[in-house]
Amino acid sequence: MTTYLARRLALAVVVVAGVVLLTFVIAHAVPGNPAASWAGPHASPAQVAAAAKYLGLDRPLPVQIARYFAGIFSGNWGVSIHTHQPVLSNIATAAPASLELVIAALIIALAVGVPLGLVSARRPGRPADQAIRAGSILGVSMPIFWMALILQLVFAQRLHVLPVAGEYSPNLLFTNPLTKVTGFPVLDALFTGNWPMLGSTLSHLILPAVVVAAYPAGLISRMVRAQILDTVGETHVQMARALGLPERDVFGRYLMKLAWSPVSAAIALVFGYSLVNTFLVESIFDWPGLGSYAVASIGTLDTPAILGVTLFVAIAYVIANLIVDIVQAVIDPRIRLR
Amino acid sequence: MIEIPEAPAPAPTPAPAAAQGSRGWLRSNPLLAVGGAISALIVIAAVLAPLIAPDPGDAGSATHPFSVLKPPSAHHWFGTDQVGRDILSRVIYGARVSPLVALFVLLIACAVGIPLGIAAGYFGGWLDDVIMRLTDIVLAFPALLLALALAALLPPSMTSLTIAISATWWPWYTRLIRGQAASVAGRPYIESCRALGISRRRIIFRHILPNAITPLIVQVSLDVGGVILTASALSFLGLGAQDPTPDWGLMVSEGQTYFTTDWWVVTFPGLAILITAFAFNLLGDGLRDLLDPRRVILR
Amino acid sequence: MSFGARNVVNVDHLGVDDAEIVGLAGESGSGKSMTTLAVLGLANTVGATVAGSIKLDGRELVGLPEKVLIGLRGSRIAAIFQSPSMAFNPVFRVGDVALRALRRHGLTGSEATGRVEQAMRGVLLSPDLLRRYPSQLSGGQLQRVAIALAVALRAEVLLADEPTSALDVTVQAEVLELLRELRSRDGMSVLFISHDLAVIAELCDRVAVMQAGSIVEQGPADKIMSAPEHPYTADLLASVPAIERRA
């Protein structure tokens, strides 16, 4: 198992290096003069030249690349043109909110998708199966930003069942201020025993998380169904039945475990997808995460910020894939014993 | 002791599998039929837009200041938007925008991905390694993100949108074709082809490509929905279509501010995106079930 | 037994007594494996239906509710399958499924473990192997584990569906010896299904020959092998180069 993981790790490192290089390429292939936008619209040519020198744009290309790499790995991800703060610190502030949203969404997606996939696979072709399959495809076809708006309108503004926006009720900041432990509001409230705040953060989390969960839930349900149907004809299933195990065990435990491997691969894929989906949803729910930061940066054409976010998400995605590889090796002995 | 005595005449259970004739086909592939029908309708609507839309001018830069934000009525089935344009017409014309983007994106993705895939799969060796690492790197970015970054840095237009999405979409096709090419290229009969002196080009076109067509068709039909969603998402963020183009994503974005009071401005364009993506996904799914020999449809 | 309108297996009478090994011989595709599924009440899992009567100790099995059938499976009727490497779920340890089955039948965890370990010793395998994964054991070992599981479940009847077809000859001999022991020592009834007449001749007390889903001839092994009455049986025998029979 260690050789397998060592190979995956080495591959991940290569990919990350390539990712950094690609963001550099994008940054410099872009039309427009970074020095000019840094210096501002009213800068004189001398100021633009000085900006170019400051940003290191007058050096030969290999040197620029080397400096870029060095910068990235030492934590210098450039300075945001708009906020004039280091991009990395902006990202660090905004990231936990997005991660919290994605993780909550994935939990919901698993809790909904796996059982539905199982039910679907139990009696394939029957009405329940057709309905669940149609529902899954619906989930996968949903325009997230639209779903967010609709749900927000219906549940928050018309029915007043759920809060409209934000991570928690601002009023609570006065009565039950939140102490920062992990940076994740739900966890912080939990760990500090701040129950009113916990309730508030959870209720604020529901709508955005459900919206982001639509796609993964649909995907997971389809994967579970496909995987189980692929293996349901195999001899070991008949053997399990012949030994006197009820269908519930045969499907729920024995067939399901075989499905975890592809499902966990799907989760890694979907993590990246969902993280970017949150970008669309955050501005609608006033969620102070990477998405809001990215959207704002797009609006001001803040290139370092845009690239910083891109790099961050890509690296998070590579790490997520690596984690899934480890989990797969633990669950599925076939991978370990190779 | 076990006895298995007389097991007499057959006890028939009606099996819906393998029914003959078109009605049987319809019943055993309901999703494909529905998806195909709706997709066809959308394409027809796009083509016949000038004839179907009640106010074709509204899809352009017409404005009607006196009919601003009117709710759905007999005159305007979907209501009017913030500058008084008929939303139904704009939605119909929108069927020309996103699907067309999807078409171009997938064409480019294939045009780039297929040759690279064949090169990687057929020739193998260092070329394979290089190309695969390249696809790994591009695929390390979630698709929407890379498209977002590119689109953000290019001047906003449908062209930039198409380029940005194509740049993120081609690796899947390279991977797909590479897998096909590699598995075919390794087979003994290809060796004998080469031994007989058959040119590489013939081998590629007559042996490798035909095998790859089926999974390619399935992948393309599955991807149409995805590209449409990506394109509308980017337009929603303001990175693609610009006013007055009747792009559905843009319409949702423009209607956002009025949404709480005038729900129809956002609802109908978004619904169009949903139905279109849904239809093409159903189609793709159905095609996959139909064409993939490994799939066993249990009854 | 039928698939839709197609009648696949049409058996008049086939019986197995205590402490007896009955062979079911026939070509591949003659419906032999279906018999196993039918007896276990699992015909519906492959989309087939059963009509007629299947009795265990005089008790009718066809038409019993699923709950009762589950109770019977494993504890009274057990099965082993062809291709032992496919008969175990690759992501679970080899002993896992049986332990769970025993617990479902009412034993405690330690009782179940004790029984299975004892059964493993009975088939001359170390109980440690129970903790291995299927990919770590050989075909012969896996088949013996499968038999051990049937023994552990205290099954009275063992349906052996081509159990040695995927094994090589020396391993095959061990498995056959094991089956003989189960018959003599534990009084188990075994239905041995195979296309290999030589093995059937060697092992079985009585033989039934199946052709296209129907039994064309039945009787004591000696008699069938030496003086077949049905032309199909004669054909089958003729296609085997040499049949070695035990005294």
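Which two strands of chain C form a hairpin with two residues between them? Select E10(C) and E11(C): these strands make that hairpin, and C:Ala212 in the turn has a positive phi of about 50°. Helices (H or I, at least four residues) and strands (E, at least two) are DSSP runs, numbered from the N terminus.

This is a predicted model, in which local features need pLDDT of at least 70 and side-chain atom pairs count only at pLDDT 80 or more, while totals for chains, interfaces and linings use all residues. Residues are numbered from 1 along each chain as its sequence is written, and chains are lettered from A and ligands numbered from 1 in the order in which they are written.

**Stop 1: the strands of chain C**

Stay on E10(C), residues 206–211, and E11(C), residues 214–220. They pair in the antiparallel sense over six bridges; two strands pair if DSSP finds at least two bridges between them. Select C:Gln211 next: its bridge partner in E11(C) is C:Ser214. C:Gly23 stands opposite C:Val207 in E10(C).

Colour chain C by pLDDT, the predictor's confidence in each residue, from 0 to 100. The mean for chain C is 77, and 89% of its residues reach 70 or more. Where pLDDT is low, the predicted coordinates should not be read in detail. The model scores ipTM 0.81 and pTM 0.80.

**Stop 2: the contact of chains A and B**

Show chains A and B. The contact takes 39 residues from chain A and 37 residues from chain B; two residues are in contact if their C-beta atoms, placed from the backbone, lie within 7 Å. On the side of chain A that touches chain B, select H14(A), which gives the most, with eight residues. Helix H14 covers residues 303–331.

**Stop 3: the nonpolar core**

A nonpolar core is a set of buried Ala, Val, Leu, Ile, Met, Phe, Trp, Tyr and Cys residues joined through C-beta atoms within 7 Å. A residue is buried if 20 or more other C-beta atoms lie within 10 Å of its own. The largest such core has 245 residues, and A:Phe145, C:Leu158 and C:Phe192 touch the most other members. Helix H12 of chain A, residues 247–285, gives the most to this core, with 19 residues.

Zoom in on A:Phe145. Its contacts, not counting residues up to four places away in sequence, include A:Leu280 and A:Ile284, as well as B:Phe236 and B:Val252.

**Stop 4: chain B**

Select chain B, which has eleven helices and one strand. Of its 299 residues, 45% count as buried.

Conventions
Buried ≥ 20, exposed ≤ 12 C-beta atoms within 10 Å, placed from the backbone.
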